[in-house]
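Welcome, and please open your viewer. We will go from one selection to the next, with a short note on what is there at each stop.

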Amino acid sequence: MTQSDGYLLDNQQAEAGRRFDALSTLLDPTTFRHIEDLGIGPGWRCWEVGAGGTSVVSWLAEKVGPTGQVLATDIDTSWAASAARPPIEIRTHDVGTEEPPGEGFDLVHARLVLVHVPDRERALQSMIKALRPGGRLLIEDADPALQPLICPDEYGPEQQLANRLRQGFRSLLAQRGADLSYGRRLPRLLREAGLQRVEADAYFPITSPACSALESATVRQIRDRLVAAGLATDEEIDRHLSHVASGTMDLATSPLISAWGRKE
């Protein structure tokens with residue numbers, strides 16, 4: 001992610017930790033499955049780009065063991081204090097503007113990062129440059145335009161309100177340069193960048209407590225922006241949060257597109 005006062009989901013905001021926890025619950029199993037399939041093992045050197053939270057970093061450290069390395073970078077590393085221990089190294093770094101923080105990595109992984117980076121092409125090239133020959137790249141990004149509804153089953157006023165607030169969220173993201181259809185292009189972009197054995201899949205849960213926790217934290221985090229932009233009123237947001245808290249809403253995430261390949 002690129003440092004910007006306009007970044008909508010700042011890591012230092014009060015709800016960021018709750019969002020990270022919910023995202024970990026929802027997405028870690030998919031991420032871990034892909035990395036396992038890529039063959040991770042003891043001694044691997046890994047670069048976790050735009051790490052945000054600690055769950056993936058800590059899991060990678062267990063997999064690579066004391067002979068491996070896990071370099072975790074982000075523009076804001078305030079989350080990192082509990083994770084900064086061997087074989088984990090934490091470094092402040094902007095993948096969209098800076099040279100890669102090293103080369104010869106066995107694995108480079110980024111989740112929910114490039115969709116927010118203005119110079120995505122440069123960031124992608126930086127990650128590929130950092131790989132050793134034969135190294136694996138795994139990019140996972142949301143594609144909100146592919147499935148734009150938080151309530152795919154829009155059967156009542158509660159679901160209609162939820163989807164309208166989600167549309168407002170997507171508008172705020174787009175205003176800040178997020179590419180809401182980036183995920184679907186990942187397989188082609190990896191092939192065009194010269195990677196081999198490119199594959200991809202998509203995942204999005206439709207109902208779970210973590211989906212509700214993520215929605216609640218996200219709406220609270222962007223509440224002031226929604227109101228200031230005239231996209232929702234405080235009363236509507238309070239009503240929606242009450243609906244979410246009831247546990248009766250079938251809330252979906254945006255599809256997460258995972259694409260991977262190998263450097264020649």
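A word on names before you select anything: helices (H or I, at least four residues) and strands (E, at least two) are DSSP runs, numbered from the N terminus. The model is predicted, so to speak of local features pLDDT of at least 70 is needed, side-chain atom pairs count only at pLDDT 80 or more, and totals for chains, interfaces and linings use all residues. Residues are numbered from 1 along each chain as its sequence is written, and side-chain values use heavy atoms, with hydrogens and water left out.

**Stop 1: the sheet**

Select the strands. Seven of them form an open, mixed sheet in the order β3-β2-β1-β4-β5-β7-β6, where two strands pair if DSSP finds at least two bridges between them. At the edges sit β3 (88-92) and β6 (196-203), each pairing on one side only. Zoom in on β2 (residues 69-74): five bridges join β2 to β3, and the two run parallel.

**Stop 2**

Contact here means heavy atoms within 4.5 Å; axes are lines fitted to C-alpha atoms, for helices over the stretch in contact, and angles run from 0 to 180 degrees between N-to-C directions. Next show α1, which lies across β4, β5 (131-142), β6 and β7 (256-262) and runs at about 150° to β4.

**Stop 3: the largest cavity**

A cavity is a set of points, on a 1 Å grid over the protein atoms alone, where a 1.4 Å probe fits but cannot get out; lining residues have an atom within 4 Å of a point. Grid points are joined across faces, edges and corners, and a volume is the space filled by probe spheres set on the points.

Three cavities reach 30 Å³ or more, and the largest holds about 710 Å³. Select Arg19, Leu23, Leu27, Leu112 and His116, which lie nearest its centre among 43 lining residues. Then colour α1 (16-37), β1 (45-49), α2 (55-64), β4 (105-111), α4 (157-175) and α6 (209-228), each supplying at least two residues of this lining. The largest share, six residues, comes from α1.

**Stop 4: the second largest cavity**

Finish with Leu165, Arg166, Phe169, Glu215, Val219, Ile222 and Leu226, which line the second largest cavity, a space of about 40 Å³. Which helix gives the largest share of this lining? α6 does, with four residues.

How values were computed. 1 Å grid on protein atoms, 1.4 Å probe; cavity = no way out; pocket = protein on both sides within 12 Å on 5 of 7 lines; lining within 4 Å.
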